[in-house]
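The following exercises concern a single protein chain.

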Amino acid sequence: ADMEPLEFTGYADMGEDSSSKPDFKKRQMSCYVKDLPKDEIPDSLKEDSKPKARRMSCVQMQNKDKEDESLENYKKNLLGDLGAIEEEAPAEVEIYSIEFVCHDREDGNIVLNFREDEEIKKAEEFVLKEGSPFNIRITFKVHNDIVYGLKFANIVKKLKITAQKEEHVMGTFAPTKEAHVFDLPEAYAPEGFFQRGSYKGKAMLIDSDGMVHLQFKYPFKISKKW
């Protein structure tokens, strides 16, 4: 029999007065994919933007066939150290940082630390050197339950014209005690006279159930020098 989906009302709608609800739920501007502007919905989700019924939860997995030692070992290898999860609740993804790993930048990587900033809806402008290699590193923690098919979606605009729209599948992650760290593939900053200037990017983390766990705007500039 199909399991009933747990209701998810969207992080941004949750009140500020509840001490049991971390601030990140509201700050990350979470919503459903269907609530995004049409031009921001990833191409792979345009035909399937409705939330899906939930799969077996961590609590159900932990309590299923506990007397089977081989199955218990399999679950531990699959899910890792989950700690104590007692109640069923929708998966929540807390972003710790988004880092631009710059291989030839004298001052090191560009780190956008979400945990130290109370207002993370947009960042201050930073500079990428034209033609320089970099990759994006995302550090995050999953709460409550498994998040399925998490992907990083990114839109970059220059003068309101979309210059780049991409998405990268990150995978499925369990709510382990330790944070997850994921590196996206290496990329190169645009190069050339017409590529220099100011850009506006918007990053999103979206799972296969149609939940947007993060919306984050970041302005940056392509320049000859760092």
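**Exercise 1.** Which residue forms a salt bridge with D39, and how far apart are the closest N and O atoms?

*Solution.* Step 1. The model is a predicted one, in which local features need pLDDT of at least 70 and side-chain atom pairs count only at pLDDT 80 or more, while totals for chains, interfaces and linings use all residues. Residues are numbered from 1 along each chain as its sequence is written, and side-chain values use heavy atoms, with hydrogens and water left out.

Step 1. Apply the criterion: a salt bridge is a side-chain nitrogen of Lys or Arg within 4 Å of a carboxyl oxygen of Asp or Glu. The partner of D39 is K157, with the closest N and O atoms 3.1 Å apart.

Step 2. Locate the pair. D39 belongs to the loop between β1 and α2 (58–63), K157 belongs to strand β6, and the two are 118 residues apart, so that distant parts of the chain are linked. Helices (H or I, at least four residues) and strands (E, at least two) are DSSP runs, numbered from the N terminus.

Step 3. Classify the accessibility: buried means under 20% relative accessible area, exposed over 50%, and partly exposed in between (1.4 Å probe, protein chains only). D39 is partly exposed because its relative accessible area is 39%, and K157 is partly exposed at 25%.

**Exercise 2.** How many salt bridges does a search of the whole structure find? Describe two further examples.

*Solution.* Step 1. The search finds 7 salt bridges.

Step 1. One of them joins the side chains of K165 and D43, at 3.6 Å from N to O. K165 is in strand β7 and D43 in the loop between β1 and α2, which places the partners 122 residues apart in distant parts of the chain. K165 is partly exposed, with 32% relative accessibility.

Step 2. Another joins R196 and E130 at 3.1 Å, N to O. Here R196 lies in the loop between β9 (187–188) and β10 (197–206), E130 lies in the loop between β4 (126–129) and β5, and 66 residues separate them. R196 is partly exposed at 26%, whereas E130 is buried at 14%.

**Exercise 3.** Is Q28 buried or exposed? Identify the backbone atoms that its side chain approaches.

*Solution.* Step 1. Q28 is found in the loop between α1 and β1 (31–32). Q28 counts as buried because its relative accessibility is 1%.

Step 1. A polar atom of the Q28 side chain lies 2.9 Å from the backbone nitrogen of I95. The backbone oxygen of H213 also lies 2.9 Å from a polar atom of that side chain.

**Exercise 4.** Where in the protein is confidence lowest, and where is it highest?

*Solution.* Step 1. The predictor's confidence in each residue is the pLDDT, from 0 to 100. The protein averages 79, and 71% of the residues score at least 70.

Step 1. By element, helix α1 (residues 24–27) is lowest at a mean of 68, and strand β8 (residues 180–183) is highest at 96.

Terms used:
A polar contact is a pair of N or O atoms within 3.5 Å; within protein, one must be able to donate a hydrogen and the other to accept it, and residues adjacent in sequence count only if both atoms are side-chain atoms.
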